[in-house]
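Thank you all for coming.

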Amino acid sequence: MSAPTFDAVVLAGGTGRRLGGASKPDVRLEGRRLLDHALDATRGAAAVVVVAPETVPVPPDVRRTLESPPLGGPAAGIAAGLAALRQSGEPAPLVLVLACDVPRAAAAVPDLVAATVGSMADGACLVDSGGRRQWLVGVYRRGALERRFAEVAPDGAGGLGVGRLLDGLRLLAVPAVGTQALDVDTWGDLARLGDAGAGDGSGPAS
């Protein structure tokens with residue numbers, strides 16, 4: 001039986017404040033933009049939406065949208081991505097939600113999809129070695145996300161915290177392998193990921 005279809009929403013906005021104002025999706029790791037690493041994780045998705053300003057280049061086969069209001073936070077970005085997917089045709093039952101600053105997440109996506117499909121849960125998200133949930137590396141049932149937006153942000157998701165959005169959903173925790181859950185908030189984070197390389201098995205498959 002073939003794997004169920006999923007769509008993907010990649011969040012590529014923000015101010016990059018801790019990177020000195022750099023455009024985070026355009027920051028390079030191993031010669032490629034963080035956004036390009038994130039798009040590796042969307043292979044197999046029926047449709048992909050990148051939530052990013054016009055200044056961030058995206059591939060021609062990827063849809064683009066922007067949260068309302070701009071810089072309204074990741075929950076607003078998820079809402080904008082879901083809306084763009086609804087406009088593009090029949091949406092898939094699952095949605096991969098991925099921040100562009102987690103460049104080793106690609107290898108975790110099959111496990112997140114499998115965990116969600118094989119359960120009655122509302123989704124699954126990656127958990128790092130310290131037990132911290134990476135809400136923005138997760139696969140969620142579309143209906144569960146839509147229900148939560150209707151419950152907690154009927155008038156718009158600007159400023160809504162992701163934790164508040166996902167609170168109350170039945171979510172599975174999928175342990176990260178190696179550097180899969182590490183995000184890039186600072187130049188030091190970027191250097192550490194570069195030093196780690198892909199030798200721990202967490203890099204994208206060739």
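**The sheet and what surrounds it**

In this predicted model, 7 strands come together in an open sheet whose order is β5-β4-β1-β6-β8-β7-β9, with mixed pairing. At the edges sit β5, residues 63–65, and β9, residues 171–175, and each of these pairs on one side only. From one strand to the next, the twist averages 25°. As a reminder for those new to this, strands of a sheet pair through backbone hydrogen bonds, and they can do so in a parallel or an antiparallel manner. For one example, please look at β6, residues 94–99, and β8, residues 133–141, which pair in the antiparallel sense over 5 bridges, and where you will find Val97 opposite Gly138 in β8.

Let us turn to the helices. Helix α2, residues 74–87, lies across β1, β4, β5, β6 and β8, and runs at about 140° to β1, while helix α3, residues 109–117, lies across β1, β6, β7, β8 and β9, and runs at about 50° to β8.

After α2 comes Gly89, which has a positive phi, near 135°.

Finally, a few words on the backbone. Most residues other than glycine have a negative phi, and most peptide bonds are trans. With that in mind, please find the loop between β5 and α2, where Pro69 is located, and note that the peptide bond joining Ser68 and Pro69 is cis, with omega at about 0°. Leu71 lies in the loop between β5 and α2 as well, and has a positive phi of about 65° although it is not a glycine. Is Leu71 buried or exposed? With a relative accessible area of 58%, Leu71 is exposed. Glu30, in the loop between β2 and β3, also has a positive phi, of about 55°, but at 46% relative accessibility Glu30 counts as partly exposed.

Definitions and conventions: Residues numbered from 1 in each chain as written. Predicted model: local features only at pLDDT ≥ 70, side-chain atom pairs only at ≥ 80, totals over all residues. Heavy atoms only, no water. Pairing = 2+ DSSP bridges. Helix = DSSP H or I, 4+ residues; strand = E, 2+ residues; numbered from the N terminus. Axes fitted to C-alpha atoms, helices over the stretch in contact; angles between N-to-C directions. Contact = heavy atoms within 4.5 Å. Buried < 20%, exposed > 50% of the residue type's maximum accessible area, 1.4 Å probe, protein only.
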